[in-house]
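Me: I have a model open and want to learn how to read it. Can we take a helix, a cavity and a core in turn?

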Amino acid sequence: MPLDLHVFRTLADNAGALLHDPASGACAAIDVPEAGAVIAAAKAKGWTISDIFVTHAHHDHTQGVAEVKQATGATVVGPADAGPSAPLDRVIAEGDAVSFGGERFEIWHTPGHSDGHLSFVGLGARLALVGDVVFVMGCGRVQPGQMERMWTSLTRVMALPDDTRLLGGHDYTLANARFARSVDPANEAVAARFAEAETAKAEGRFWALTTVAEEKATNPFFRAGEPALAAAVGLAGAAPGAVFAALREAKNRF
């Protein structure tokens, strides 16, 4: 049976997410930005949280972990640098795997936004839990001096099958769509997605789930190898990694 995924708003724009295996009854919280909201969401679904997957150490992703673990007895897995802020039962790193129900998630080290950032990649489930590496039409802020590492992380995600769902850690979709439109104005897919983002915002819909194919079509950072994006930042003919860095700096100033 396929996994159920429930995504909802926590804090101002953080993604709360619950992954549920109908066969075994296992339920994983993906990060815990806000313990009360995550516990309430599980209760509303009738699911019992058995696991917590931590993508990275930033406070807005870990601050509720201890409370949810205490309330549920959930097993917590995550990167070593999350240890000071989240009670980890198992430290995981590149090359490890996490079993969940009948699925297996490969652990990828995807640094750039944070040193220890991990992505949980379910090749069979066609689902990647990418934290703050990829957002709908965007990517996370990059630590100083880490552009090359972030580009490497993004290219790994971009190489996944097109139908792979990507769960990001925030909904910055409308702001990302505005930037995408500014640097890729002739892209009809961007224009359509911008209109959709405006509608979602007006209706109060939370939007943190996308696919590799959708991002290849509309995410300027995924499209750093396209001539139009290189031209937009004055780097025609430059390597995609250099174009990505320029795009990310432009987004910081946008």
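Me: What covers the buried residues of α1?
Reply: This is a predicted model. The cover over the buried residues of α1 includes β1 (4-10), β2, β3 (27-30) and α3 (65-72).

Me: Which residues of α1 are buried?
Reply: Start with the general idea. An α-helix has 3.6 residues a turn, so residues three or four places apart point the same way. In α1 (residues 35-45), the buried residues are A35, V38, A41 and A42. They lie on the same side of α1, because their arc around the axis is only 135 degrees. K43 and A44 are exposed on the other side. G46 follows α1, and its phi is positive, near 80 degrees.

Me: Now the cavity. How many of 30 Å³ or more are there?
Reply: Rolling a probe the size of a water molecule over the atoms shows where empty space is left. Here, one cavity of 30 Å³ or more is found. The largest cavity holds about 60 Å³ of space.

Me: Which residues line the largest cavity?
Reply: The lining is A15, A17, I30, D31, H61, G131, L167, G168 and G169. Two elements, β2 (14-20) and β13 (165-168), each give two or more residues to this lining. By class, four lining residues are nonpolar, four polar and one charged.

Me: And in the largest nonpolar core, which residues touch the most other members?
Reply: The core has 29 residues, and V134, L154, L160, L166, F244 and L247 touch the most other members. α4 gives the largest share, six residues. Take V134: beyond its neighbours within four places in sequence, its contacts include L154, L166 and F222.

Conventions: Residues numbered from 1 in each chain as written. Predicted model: local features only at pLDDT ≥ 70, side-chain atom pairs only at ≥ 80, totals over all residues. Heavy atoms only, no water. Core = buried A, V, L, I, M, F, W, Y, C linked by side-chain atoms within 4.5 Å. Buried < 20%, exposed > 50% of the residue type's maximum accessible area, 1.4 Å probe, protein only. Helix = DSSP H or I, 4+ residues; strand = E, 2+ residues; numbered from the N terminus. Contact = heavy atoms within 4.5 Å. 1 Å grid on protein atoms, 1.4 Å probe; cavity = no way out; pocket = protein on both sides within 12 Å on 5 of 7 lines; lining within 4 Å. Points joined across faces, edges and corners; volume = space filled by probe spheres on them. Nonpolar A, V, L, I, M, F, W, Y, C, P; charged D, E, K, R; others polar. Arc of directions from axis to C-beta.
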